[in-house]
Amino acid sequence: MKRIMRVKGEFILRKIAGDDVAVPIGQNIADFNGAVLLNETAVLLWKMLQEGCTRESLKDSLCSEYGIDERKAYEDVDKFLSVLEERGILEE
């Protein structure tokens, strides 16, 4: 069975001073120190994760959108997912 992941509902994507930033809301503000700055690729992945998706669908999206090979796409996806997991932003 494929793992469906999503960003926790206590985080939202906002544009701040021209940058895309994931910020905590509600009770999470006290528990989470700071925000996460997202580049164009990370914004694409974030939006998919808001709806819930698999690692494979994230990889497919990067391959399609940016024309990169699967190995590079998986590297980018895994790096991004690792950051979200470390910061407690990702849930299954």
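Let me start with glutamate 85 and arginine 3, which form a salt bridge, their closest N and O atoms being 2.7 Å apart; by salt bridge I mean a side-chain nitrogen of Lys or Arg within 4 Å of a carboxyl oxygen of Asp or Glu. This pair links distant parts of the chain, since glutamate 85 sits in helix 4 and arginine 3 in the segment before strand 1, 82 residues apart. Helices here are DSSP runs of H or I with at least four residues, strands are runs of E with at least two, and both are numbered from the N terminus.

Before going on, a word about the model, which is a predicted one: local features need pLDDT of at least 70, side-chain atom pairs count only at pLDDT 80 or more, and totals for chains, interfaces and linings use all residues. Residues are numbered from 1 along each chain as its sequence is written, and side-chain values use heavy atoms, with hydrogens and water left out.

Back to the pair. Glutamate 85 is partly exposed at a relative accessible area of 41%, and arginine 3 is also counted as partly exposed, at 39%; for these classes, buried means under 20% relative accessible area, exposed means over 50%, and partly exposed is in between, with a 1.4 Å probe and protein chains only. The structure holds eight salt bridges, and another of them joins aspartate 20 to lysine 15 at 3.3 Å, N to O, where lysine 15 is exposed at 56% relative accessibility. A further one joins aspartate 60 and lysine 59 at 2.5 Å, N to O; here aspartate 60 is partly exposed at 41%, whereas lysine 59 is buried, with a relative accessible area of 6%. Salt bridges that share partners also join Arg3, Glu85 and Glu92 into one network.

Now to helix 4 itself, residues 70-86, which has 17 residues and reaches 24 Å from its first C-alpha to its last, close to the 24 Å expected at 1.5 Å a residue; the expected span is 1.5 Å times one less than the number of residues. Which residues of helix 4 are buried? They are Ala73, Val77, Phe80, Leu81 and Leu84, and they lie on the same side of helix 4 because they cover an arc of only 100° around the axis, the arc being that of the directions from the helix axis to the C-beta atoms. The face turned away from that buried side carries the exposed residues Arg71, Lys79 and Glu86. The buried residues of helix 4 pack against several elements, namely strand 1 (6-7), strand 4 (36-38), helix 2 (40-51), helix 3 (55-66) and strand 5 (90-91), where contact means heavy atoms within 4.5 Å.

Turning to the ends of helix 4, aspartate 69 caps the N-terminal end, with a side-chain oxygen 3.0 Å from the backbone nitrogen of arginine 71; a polar contact is a pair of N or O atoms within 3.5 Å, and within protein one must be able to donate a hydrogen and the other to accept it, while residues adjacent in sequence count only if both atoms are side-chain atoms. Helix 4 is followed by glycine 88, whose phi is positive, near 70°. Glycine 88 is found in the loop between helix 4 and strand 5, and, not counting residues up to four places away in sequence, it touches Lys8 and Phe11. From glycine 88 to lysine 8 the separation is 80 residues in sequence and 8.4 Å in space, C-alpha to C-alpha.

Helix 3 has Leu58, Lys59, Ser61, Leu62 and Cys63 as its buried residues, and what covers them includes helix 2 and helix 4. Serine 61 has a relative accessibility of 16%, and, leaving aside its neighbours within four places in sequence, it is in contact with Leu44 and Met48.

Last, the core: the largest nonpolar core has 23 residues, and those with the most contacts inside it are Leu38, Trp46, Leu49, Leu58, Phe80 and Leu84. Strand 2, strand 4, helix 2, helix 3 and helix 4 each supply at least two residues of this core. A nonpolar core is a set of buried Ala, Val, Leu, Ile, Met, Phe, Trp, Tyr and Cys residues joined through side-chain atoms within 4.5 Å.
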